[in-house]
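Please have the sequence and the coordinates at hand.

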Amino acid sequence: MAIITTEISRTFSEYLLIPRLTTKNCTPASVSLTTPLTKFKKGQTPKIELNVPMVSAIMQSVSDDGMAIALSRNGGLSFVFGSQTIESQTEMIRRVKKYKAGFVISDANLTKDHTLADVMALKAKTGYSTIGVTEDGTSHGRMLGIISGRDYRPSKDSPTKKVHEFMTPFDKIITGRFGITLPEANDIIWENKLNVLPIIDDENKLKYFVFRKDYDSHKEHPLELSNENKHLLVGAGINTRDYRERVPALIEAGVDVLCIDSSDGYSIWQKETLEFVKTNYAHIPIGAGNVVDTEGFQYLVDAGADFIKVGIGGGSICITREQKGIGRGQATSMIEVAEARDTHFEKTGEYIPLCSDGGIAQDYHMVLALAMGADFLMMGRYFARFDESPTRKMMVNGNYMKEYWGEGSSRARNWERYDMGADNSGLKFEEGVDSFVPYAGKLKDNLALTIGKIKSTMCSCGVTTIPDLMANAKITLVSATSIVEGGAHDVIVRDTNIK
């Protein structure tokens with residue numbers, strides 16, 4: 001007879017948080033949302049920490065380089081989707097790593113004998129308005145000058161005009177010497193009212209550019225997730241098929257963390273993938289999943305996972321439960337796996353962060369997931385609504401919407417995510433749908449609102465950190481009637497358009 005568990009499979013909507021004493025220390029400004037992304041030993045710090053407990057889902061319709069840049073600048077992290085060629089995924093990773101680096105290697109360079117037409121073509125290709133002029137046209141050649149948008153007028157100047165005729169020559173450029181610190185470089189920029197500071201070595205060879213806008217950008221994004229060199233952090237999704245080729249390419253491109261993208265993490269294929277990465281690239285953290293119980297969690301821990309994703313079938317575009325009858329309520333899954341994680345920590349001193357993946361329909365569900373043991377949240381629908389997601393904004397029935405499709409849909413055709421190890425490939429049936437979500441605007445504005453709600457809720461729970469929330473939150477089950485009671489009821493809600 002099958003093993004039958006009598007525990008009810010519950011969702012986040014079936015729970016509420018009970019207020020606890022809010023002290024004078026419990027203000028939104030005092031709340032820290034810093035949380036570990038990767039495993040660590042007791043008394044040590046994780047290799048990667050998030051400044052906000054959110055990562056974007058490994059999906060074509062959510063996580064490209066644009067989303068990765070926007071989310072990292074605001075404290076979270078994206079896992080660039082893996083259901084694309086290795087070449088295109090690695091190029092996305094490179095674009096994220098180059099976006100803001102403090103000391104930036106110049107990717108747009110010409111010689112003095114190039115023309116204005118070459119300048120315009122290079123600007124159109126790269127999007128860069130600052131171009132280095134070097135003796136050999138390379139990023140580290142001897143510097144001869146610099147070109148910015150103030151040096152030419154396309155409507156007036158001839159396309160054949162030579163670069164040396166309109167560039168700002170080297171003897172009129174303020175430079176910094178190689179070895180200078182970033183704060184020192186920024187001081188030179190501010191003291192001389194510069195937009196860009198070239199960094200050169202003793203032979204006048206160009207090493208880097210430091211841009212004023214990067215300094216301003218960092219001040220505008222205090223939660224920015226970056227390394228000691230001011231490179232943004234970025235993750236990448238991989239599958240259990242071509243990882244031997246994909247992983248080294250992603251590492252060469254500069255990826256900071258990997259995650260196996262699969263609908264079912266409790267498999268030998270994930271174990272083999274984890275063992276490959278840990279044997280050959282032990283310095284790169286890798287997450288695995290998804291699982292919904294203690295057995296699946298322990299299997300991936302033993303295989304070497306640095307974090308584990310929890311949840312099967314709870315995503316808004318996921319129909320795995322409907323198609324296969326496989327899955328579990330997200331709240332129940334989170335509670336059981338978190339208990340297993342805590343037990344593992346008590347026995348071994350090794351903390352394995354958990355990612356709650358799916359089941360988030362309301363902002364308060366995020367706090368419930370964290371209180372139930374999640375260290376961070378992976379979301380698709382939430383981020384798909386924003387300008388920074390890669391899909392089209394469309395007018396649907398008079399409202400602006402964004403496209404959003406699942407990796408198990410016919411549109412994505414990400415059969416590797418549902419790979420069962422057979423020799424034949426292809427998506428046999430759909431486990432995701434093709435849909436629309438209401439357009440919501442910029443990520444930064446919406447994320448700030450959500451973070452504000454999370455911090456306010458935590459204050460009502462009497463806590464100021466995520467570990468405190470896990471340890472001290474009080475949670476209650478709710479009835480169907482009390483769910484109705486929680487919204488506006490027994491009134492006619494006023495239409496705000498009525499004057």
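## Strand β12 and its partners

Strand β11 (residues 176–177) pairs with β12 in the parallel sense over 2 bridges. The model is predicted: local features need pLDDT of at least 70, side-chain atom pairs count only at pLDDT 80 or more, and totals for chains, interfaces and linings use all residues. Residues are numbered from 1 along each chain as its sequence is written, and side-chain values use heavy atoms, with hydrogens and water left out. Helices (H or I, at least four residues) and strands (E, at least two) are DSSP runs, numbered from the N terminus; two strands pair if DSSP finds at least two bridges between them.

Across from R177, the bridge partner in β12 is I200. Strand β13 (residues 206–211) is joined to β12 by 5 bridges, and the two run antiparallel. Together β12 and β13 make a hairpin with 5 residues between them, and N204 in the turn has a positive phi of about 65°.

Strand β12 (residues 196–200) is mostly covered, with 5 of its 5 residues buried; buried means under 20% relative accessible area, exposed over 50%, and partly exposed in between (1.4 Å probe, protein chains only). In a regular strand the side chains alternate between the two faces of the sheet. In β12, V196, P198 and I200 point one way, L197 and I199 point the other way, and all are buried.

## An open sheet of four strands

A separate heading is given to the sheet in the order β7-β8-β9-β10, which is open, has 4 strands and shows mixed pairing. Its edge strands, each pairing on one side only, are β7 (109–110) and β10 (168–169). Strand β9 (residues 143–147) pairs with β10 in the antiparallel sense over 2 bridges, and I146 stands opposite T168 in β10.

Helix α2 (residues 86–99) has 14 residues and reaches 20 Å from its first C-alpha to its last, close to the 20 Å expected at 1.5 Å a residue. The expected span is 1.5 Å times one less than the number of residues. The buried residues of α2 are I86, Q89, T90, M92, I93, V96 and K97. Seen down the axis of α2, these fall within an arc of 150°, so they line one face of the helix; the arc is that of the directions from the helix axis to the C-beta atoms. Their cover includes α1 (65–73), β6 (77–80), β14 (235–238) and α7 (243–253).

Helix α12 (residues 363–371) is mostly covered, as 8 of its 9 residues are buried. Among them are D363, H365 and M366. G373 follows α12 and has a positive phi, near 125°.

## Nonpolar cores

The largest nonpolar core has 96 residues, and those with the most contacts inside it are V55, F79, L258, F297, I308, F383 and L469. Such a core is a set of buried Ala, Val, Leu, Ile, Met, Phe, Trp, Tyr and Cys residues joined through side-chain atoms within 4.5 Å. Apart from it lies another core, of 13 residues, among them L110, V119, V163 and M167.

Contact means heavy atoms within 4.5 Å. Leaving aside its neighbours within four places in sequence, F297 is in contact with V291, I308, V337, A340, R341, H344, I352 and L354.

## Cysteines

How many disulfides does the structure hold? There are 0 disulfides, a disulfide being a pair of cysteine sulfur atoms within 2.5 Å. The sulfur of C259 has its closest cysteine sulfur in C355, 7.1 Å away, too far for a bond. For C459 the closest cysteine sulfur is in C26, at 5.6 Å, again too far for a bond. C259 counts as buried at 0% relative accessibility, and C459 counts as buried at 5%.

## Backbone details

The peptide bond from G289 to N290 is cis, with omega near 15°; N290 is found in strand β16 (residues 286–291).

K193, in the loop between α5 (182–191) and β12, has a positive phi near 55° and is not a glycine. K193 is exposed, with a relative accessible area of 74%. N397, in the loop between β21 (393–396) and β22 (399–405), also has a positive phi of about 55° although it is not a glycine. N397 is exposed, with a relative accessible area of 77%.
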